[in-house]
Amino acid sequence: MSDMRMTGFASGMDINQMVSDLMRAEREPLNRMEQDRQLLLWQQDAYREVNRQFADFRTTTFDGIMRRSNMAATTVSSTDESKVTASGSASSGEGSYTLSRVDRLASAASNVSSDEILGAEGRLDGDASLWSQLSTHEGMNWETKGHQETIQVNEDSGIAVLESGAIDPDSVEVPGFSVVTSEEELSEGSVLVDAETGTLQFHESFEGGESLEVTYQSHVFSFDATTYDSEGEEVTETFEFAGTDSLHQVLGDINRSSLGVNAFYDEFSGRVALTRSDTGQYNEAREGEEARTAEHAEIKFSDGFLRDVLHLDESNESGGDNAQFTINGLETERTSNSFTIDGVNITLHDTFTEGSVMLGVSTDTEQVFDQVIEFVDEYNALIELVDGKVSEERYRDYPPLTDEQRREMSEREQEMWDERAESGMLRNDRMLSGALDRMRQDMYGSMETDQGTFSHLTELGITTTSNYQDRGRLEVDEEKLREAIAQDAEGVFQIFAANGDTYEEKGAARRLRETLQGTIEQVSQRAGGASAASNQQFTIGREIDQMNDRMTNFERRMQQTEQRYWLSLPGWNRPWRRRMPRWNS
């Protein structure tokens, strides 16, 4: 039946082809709307591409030529780098420094156990619990701490572990159970206590799975240690440990504390060594090379565990000295061998009392030069991109291809057509052309800065090219630029980065950033940006939504038109008219 409908049943006419041909003509306005929408999408993409380049240039300008550390770089030479080295910074002033002697290098205070550390069975095991080795040591200030704890006994193993570790087995009370200390005594109704680990083992007859209230006493010890901060103020830490803790755990907590020391246990010698993290003298009570006492030490120890067990004593301390040197005739000290004087970072490597080391500070011309060249290259690339967009040829005879047209072309033909169809989306765009004009003005206008000897880029050897078709691209006289940097590096920095109250008092790069910021906002209002959540927030987006609405309404009318065509054709009053095809866009 459907085949007869396609051929016109008895009329001999191809009715389906007739309707298809009629609808192809009716569809032309819709094709043009789809092409107009595609042009809007291409224009949106072109705008956003330019805006990304604007944003990238704005960022690299701030991180590059407007950053003083890049434009005020200095280099420092040393006549003897085995003894003294130095480097410059943005705040370094040109000049020279003479170190006539270095009497002493800074060192970190350190202390070592005066004797090997022994437990009940010989040299201490750094990984074993301290209670198991020092429970009877006279120097340990063991204390007992009362606890009440709710435990949950494991149903499979019949085991529960107390939180406080090593305990006094005679102090353990478990309601309803007798406490035993040997496996042979473990029987129904009893619980075996491991004093070193705080483990409770119930007899297998106890099913477990219920909570029990346990009271007991644990073994703990504590001690204090003191160092000094950079202001000479005492820094005291109080430590408390359980008997189950090991020596390595104790020293680990000391290392992580605010004392600023590094401690370790050497099992070969059986001794502990402590060293301050920072070099220098911080205890202001020290004078000269006097013997260290508790009053004069950089690291102080309390009685008990530190003194009587680890054998640490302030009289064994060494180091903790400031660097002593003479620079430009001035005798002075520093807590570190690396320090800064007048923006110059100096590092002492060795002592000497004869001869001298000269440090010469000068502008790092090459780094400043490279930064300016990089800025000019990026500026020219941006100008080339934007100028290319606004001057790109627009081929109006190459509208976007329809789906039907694409089916009739090869891939290569489609690519060539699309290349021309997408060309010139921003041709003669007033917004971008205006931005180019303002950027050229930003670069060419004079700068009224008070902190340099230059007022125009031409004084640095930076001018526009002689080719008018270059649309304001810059070229650099490298020799003249290097001379300007050597003459006044600060002036070169200011002509780009000065931040005055008026336009005339701002540097070229700062003017550019402000121009770009304004243009970026304008383009975002036209074509949207990263923060645009919907098409309604920018102009092209609203135009696209309007076009979509028009296309939807037109497609609805097309369906009605197709229905009229079918109803008006010969033989449509036949029963098979109910199989009328629906037009599909």
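**Entry 1. Terms and model**

I take a residue as exposed when its relative accessible area is over 50%, and as buried when that area is under 20%. By this cut-off I record E354 as exposed, because its relative accessibility is 67%. The model I am examining is predicted.

**Entry 2. E354**

I located E354 in the loop between β20 (344-348) and β21. I then looked up its separation from V102, which is 252 residues away along the chain. The C-alpha atoms of E354 and V102 are separated by 9.2 Å.

**Entry 3. The chain as a whole**

I noted 14 helices and 23 strands in the protein chain. Its radius of gyration is 43 Å, whereas the globule rule gives 25 Å for 585 residues, so I describe the chain as more spread out than a compact globule. I read the span of the C-alpha trace along the principal axes as about 120 × 90 × 40 Å.

Of the 585 residues, 43% count as buried. Among contacts with a separation of 6 or more, 68% are made by residues 24 or more positions apart.

I counted 53 positive and 112 negative side chains. The centres of these two sets lie 22 Å apart.

**Entry 4. E298**

I found E298 in the loop between β15 (271-276) and β16 (300-301). Its relative accessible area is 0%, so I list E298 as buried.

Which side chain does E298 join through a polar contact of 3.1 Å? I identified the partner as the side chain of R286. Leaving aside neighbours within four places in sequence, I noted contacts of E298 with several residues, including A109, T226, T227, Y228, R276, E317 and G320. The list also includes G280, Q281 and Y282, together with N283 and R286.

**Entry 5. H203**

I placed H203 in the loop between β11 (199-202) and β12 (211-228). With a relative accessible area of 18%, H203 is buried. I recorded a polar contact of 2.9 Å between the side chains of H203 and S205. Not counting residues up to four places away in sequence, H203 touches L186, S187, E188 and S190.

**Entry 6. D429**

I found D429 in the loop between α9 (411-421) and α10 (430-444). Its relative accessibility is 11%, and I therefore count D429 as buried. The side chain of D429 reaches the backbone nitrogen of M431 at 3.1 Å. Beyond residues up to four places away in sequence, I noted that D429 touches Y47 and V390.

I also looked up D429 against E374, 55 residues apart along the chain. Their C-alpha atoms are separated by 28 Å.

**Entry 7. Helix α12**

Why do I call helix α12 (residues 489-497) largely enclosed by the rest of the structure? I do so because eight of its nine residues are buried. I listed these buried residues as A489, G491, V492, F493, Q494, I495, F496 and A497.

I then examined what covers them. The cover includes the helices α3 (68-71), α7 (365-391), α11 (478-487) and α13 (508-527). The strands β21 (357-363) and β22 (462-464) are also included in the cover of the buried residues of α12.

How values were computed:
Residues are numbered from 1 along each chain as its sequence is written. This is a predicted model: local features need pLDDT of at least 70, side-chain atom pairs count only at pLDDT 80 or more; totals for chains, interfaces and linings use all residues. Side-chain values use heavy atoms; hydrogens and water are left out. Helices (H or I, at least four residues) and strands (E, at least two) are DSSP runs, numbered from the N terminus. The radius of gyration is taken over C-alpha atoms; the globule rule is 2.2 Å times the number of residues to the power 0.38. Buried means under 20% relative accessible area, exposed over 50%, partly exposed in between (1.4 Å probe, protein chains only). Contact means heavy atoms within 4.5 Å. Lys and Arg count as positive and Asp and Glu as negative; His and the chain ends are not counted. The place of a charge is taken as NZ of Lys, CZ of Arg, CG of Asp or CD of Glu. A polar contact is a pair of N or O atoms within 3.5 Å; within protein, one must be able to donate a hydrogen and the other to accept it, and residues adjacent in sequence count only if both atoms are side-chain atoms.
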